[in-house]
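Hi,

Here is the structure I said I would pass on.

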Amino acid sequence: MSPTTAGTTAFDLTDPTTFVRHDPLAFWARMRDHDPVHWHEGRDGRPGFWVVSRYADVLAAYTDAARLGSARGTVLDVLLHGDDSAGGRMLAVTDRPRHRDLRTVMLRAFSPRVLGAVVERVERRAAELVRDVTGAGSFDFAAEVAEHIPLGTICDLLSIPAADRPDLLRWNKSALSSDDAEADPYAALEARNEILLYFVDLVERRRAAPGDDVVSMIAAAEVDGAPLSVEDVALNCYSLILGGDESSRVSAICAVKAFADFPDQWRAVRDGEVSLDTAVEEVLRWATPAMHFARTATTDLEIGGRRIRAGSVVTLWNTSANFDERQFDRPERFDPARTPNKHVSFGHGPHFCLGAHLGRAELRALLTALAGTVSGIEATGTPRRVYSTFLNGHSTMPVAFTAR
Ligand code: HEM
């Protein structure tokens, strides 16, 4: 083993503090160069797993759903502690052929008719939130703005009654333990159960009196010739919150942090010198909200010349692929004008993010609101990093916006 490789194995990718203490860019560059398909030894009685870091290998692995399955789980922390209990029932952790049928049903939530109205409301919400904090001195962008966009959007998507939203918001906050190293995991579990029970109740109500909303549509659909159980509809409704809330929030926070860090780039976006669409893609690459997704090999296979045995866990590191110099020109540079920009922040292949259009629309609404209202973006404190091996980004962002 070369000293460099030895250096890379010193990182424990199962420990959230690793991502807070070390410089990930330098670490992943070393991995891509010296050990691009790396065997990570198991620790504390947990199994070992493969770590794939080059863009081309990550893309090929996302595409190869036939040999790299999702049904045992797709997040390292879950996989190392056993199988995902939602496997085969929740879209993200279901394999073909059921995955394809379930995805067709879930896609109804994202029809142009539904999305058009939801996006309009996102744009209004973003404009109001940004207007309220501009010129008001220092504030926490995470708490005052970013937190209020994604969950409201998913509630709009699912036509959640306004009266139920405060409960959902409160449960969702305690369900997310990644903000805080000291968070009580049992309180988080209880909150997740509350959300699931809420959706079970909602699905039963919509089955009894169907409307033309998304929950009613999913509840009425058939997969494999049979209607979905109430629990499975509820689970898949909840999965939209799981998939779309935190990821959208950290990408919004990342946008503001990046513009505070690179004021020249902010000025170019603000003054219309750079297209908002390319800026959105670069924010997504720069943020890479989901650090990794995982798969389980369903057969023996080869990745990047390494032999992977059936049953092995294979982790695909988006945070590395999106900064691979073999794919991106000067990847360490935040460049809102970057084209092409084929990042893997939304994954790739059969499990490509179902909410990508909405995720992009939320960021576009934020950038539009900022460009229309804000002249200067200045950091006023140190943002706090999220404590996780999965979610990448910050949970606070002290900042001040000056008005245009
Ligand atoms: C899947 C990222 C927003 C719902 C995924 C995957 C990624 C991702 C990387 C692929 C997972 C895999 O291959 O195993 C993101 C990011 C977002 C975002 C970075 C925001 C910036 C959303 C939103 C929703 C959503 C807003 C819903 C409203 C889902 C669902 C899947 C998924 C349901 C599973 C798709 C499948 O397995 O077929 N997301 N997502 N996501 N995402 Fe997103």
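**What I found**

The T396 side chain comes to 2.8 Å from the backbone nitrogen of R384. Before going further, keep in mind that this is a predicted model.

Staying with T396: this residue sits in the loop that runs between β11 (374-379) and β12 (398-403). Is T396 buried or exposed? Its relative accessible area is 16%, and buried means under 20%, so T396 counts as buried. Leaving out residues up to four places away in sequence, T396 touches D140, A142, I253, T382, P383 and R384.

On to the ligand. It is surrounded by 24 residues, and the closest are H99, R103, R295, H351 and C353. For R103, a polar side-chain atom lies 2.7 Å from a ligand oxygen. For R295, an N or O atom of the side chain is likewise 2.7 Å from an oxygen atom of the ligand. G243 takes part through its backbone, where an N or O atom lies 3.3 Å from a nitrogen atom of the ligand.

Which elements give two or more residues to the shell around the ligand? They are α6, α13 and β7 (292-297). The largest share, six residues, comes from α13. Sorted by class, the shell has twelve nonpolar residues, ten polar ones and two charged ones.

Two of those elements also meet each other. The axes of helix α6 (residues 98-106) and helix α13 (residues 230-261) come within 12 Å and cross at roughly 70°. Angles of 65 to 115 degrees count as roughly perpendicular, so that is how α6 and α13 are placed relative to each other. On the α6 side, the contact is made by R98, L102 and M106, and on the α13 side by D232, N236, S239 and L240. By class, this contact has three nonpolar, two polar and two charged residues.

D77 is partly exposed, with a relative accessible area of 44%. How many residues separate D77 and A294 in sequence? They are 217 residues apart along the chain, while their C-alpha atoms are 9.7 Å apart in space.

Cheers

Terms used:
Residues are numbered from 1 along each chain as its sequence is written. This is a predicted model: local features need pLDDT of at least 70, side-chain atom pairs count only at pLDDT 80 or more; totals for chains, interfaces and linings use all residues. Side-chain values use heavy atoms; hydrogens and water are left out. Axes are lines fitted to C-alpha atoms, for helices over the stretch in contact, and angles run from 0 to 180 degrees between N-to-C directions. Helices (H or I, at least four residues) and strands (E, at least two) are DSSP runs, numbered from the N terminus. Angles under 35 degrees count as roughly parallel, over 145 as roughly antiparallel, 65 to 115 as roughly perpendicular and the rest as oblique. Contact means heavy atoms within 4.5 Å. Ala, Val, Leu, Ile, Met, Phe, Trp, Tyr, Cys and Pro count as nonpolar, Asp, Glu, Lys and Arg as charged, and the others, Gly among them, as polar. A residue is near a molecule or strand if one of its heavy atoms lies within 4 Å of it. A polar contact is a pair of N or O atoms within 3.5 Å; within protein, one must be able to donate a hydrogen and the other to accept it, and residues adjacent in sequence count only if both atoms are side-chain atoms. Buried means under 20% relative accessible area, exposed over 50%, partly exposed in between (1.4 Å probe, protein chains only).
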